[in-house]
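Dear colleague,

I am passing on to you the structure below, together with a short account of the spaces found within it. Please look it over before reading on.

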Amino acid sequence: MDEFEPKIVAFVCNWCTYAGADLTGTSRIKYAPNVRIIRFPCTGRIDFMFILKAFARGADGIIVSGCHPNDCHYTSGNFHARRRWIVFRSLLDFLGIDVRRITFSWVSAAEGAKWADLVNQTTAEIRKLGPYTSYHKISKPEEEVIYG
Amino acid sequence: MDRVKQKARDLLDSNKVQVVIGYEEGTDGTARPVFIMDSKNIDKLIFNDRCYHNLAVYLTKVEVEKIGRVAVEASLNTLKGIVKLASEGQFVFEDIDILGVNRNGELYEFASLDEVIDYIDQHPVEYSPEEISLLRKIESMTREERWEYWQEEFSRCIRCYACRAACPNCYCDACIVDINQPQWISPTPDALGNLEWHIIRAMHLAGRCVNCGACAKACPVDIPLNILNLKLAEEISKNFGISEEFLLTNYPLAIYDPNDKENFIK
């Protein structure tokens, strides 16, 4: 094994961050290839179970990103999501789960450069933290599970 | 207590209610819930400090609805459960009768839900020093210690779901943990499944829990589940500035404030 390459899962909203990440590509900005982007209609759609499932299936870091406050395509989805994250984050921290591995962010459709920075920073940080062995130990990320 | 029994007897005899849910002497010095449908069994009813079950849990059960109108012997925690369930539209408050005596020894006479809420506000429940000290102890641990602590606690979990059964607010017909298409949480009592179950239980009760502690008391392996709920209740009132009175009839995660804190969002 050479250097540790973090696996990062990004849950992003369709209207802002996904379009922002698209802009990063069309602007030909290079960024870390460690991120796997999953597109959702809205940050309000991102259930907290997704985050747990990503860790259980081998993710070392997670990015959750969507529209800036007041920019939500559905008016208030990101406000609801923000409340849920505040509560969820404190619960995870209380249970001893490493919240440094979860990055919440607002990236708009015009912020291609911010997206590249966000991914680069997160990748660097997770690289420093190393693989999330304590969570992976209790799950079996290498085992293929077929849902549905 | 005699007046409570008399009122219960009257209600049953006049057929105003079909069942009285209360407490009776259990085995080994415990108290347990009892369903009385015949007024000659009314003398079984007791009420004391050992009656910790939250009887509001029965009010959403289809089996109980089938029996008919219900009168329930209510402790303060049961009253809170009733208010929460009624405000979530699980039943109409006027459809149940409440038995019991207040702190002044007078029979409960609640004409409306608002009166119950007023009564609860006048008698705030203080958390026991043991609960608070355990909460503070866990908070003061390092992250790794907290992880070890909860892994150790959850490792005893046998997934009997007694916590879910004892909780008045866990009333979903199909609980997410029972759904297997798709299966969100492993039903086997392994480390991952247990962790996910307790996270999802705490999250689904966040802002709805009435902190009656019935989950922790029901737990056969003594996992301090109510500490999780307590922690989230504290976080919610701290972060959103919500009073207990407001929490009783509202769900804080279904509303928002554009000025919620976002110091952790990049």
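**Cavities and pockets**

In this predicted model, the lining of the largest cavity takes at least two residues from each of helix 8 (191-205), helix 9 (214-218) and helix 10 (225-240) of chain B. That cavity has a volume of about 90 Å³, and of the 14 residues lining it, B:Cys167, B:Cys209, B:Cys212, B:Cys215 and B:Asn229 are the closest to its centre. Its lining is made up of eight nonpolar, five polar and one charged residues.

The second largest cavity holds about 70 Å³ of space, and among its 13 lining residues the closest to the centre are B:Cys157, B:Cys160, B:Cys163, B:Cys219 and B:Pro220. Here the lining divides into 11 nonpolar, one polar and one charged residues.

Turning to the pockets, the largest contains about 800 Å³ of space and is lined by 34 residues, with B:Asp49, B:Cys51, B:Ser75, B:Leu76 and B:Asn77 nearest its centre. Helix 3 of chain B contributes the most to this lining, with three residues, and at least three residues come from each of domain 1 (2-121) and domain 2 (129-240) of chain B.

The second largest pocket has a volume of about 500 Å³, and of its 22 lining residues B:Asn169, B:Cys170, B:Tyr171, B:Cys172 and B:Asp173 lie nearest its centre. Helix 8 of chain B, which also supplies at least two residues to the lining of the largest cavity, gives the largest share of this pocket's lining, five residues.

With best wishes

Key: Residues numbered from 1 in each chain as written. Chains lettered and ligands numbered in written order. Predicted model: local features only at pLDDT ≥ 70, side-chain atom pairs only at ≥ 80, totals over all residues. Heavy atoms only, no water. 1 Å grid on protein atoms, 1.4 Å probe; cavity = no way out; pocket = protein on both sides within 12 Å on 5 of 7 lines; lining within 4 Å. Points joined across faces, edges and corners; volume = space filled by probe spheres on them. Helix = DSSP H or I, 4+ residues; strand = E, 2+ residues; numbered from the N terminus. Nonpolar A, V, L, I, M, F, W, Y, C, P; charged D, E, K, R; others polar. Domains from an automatic or database assignment.
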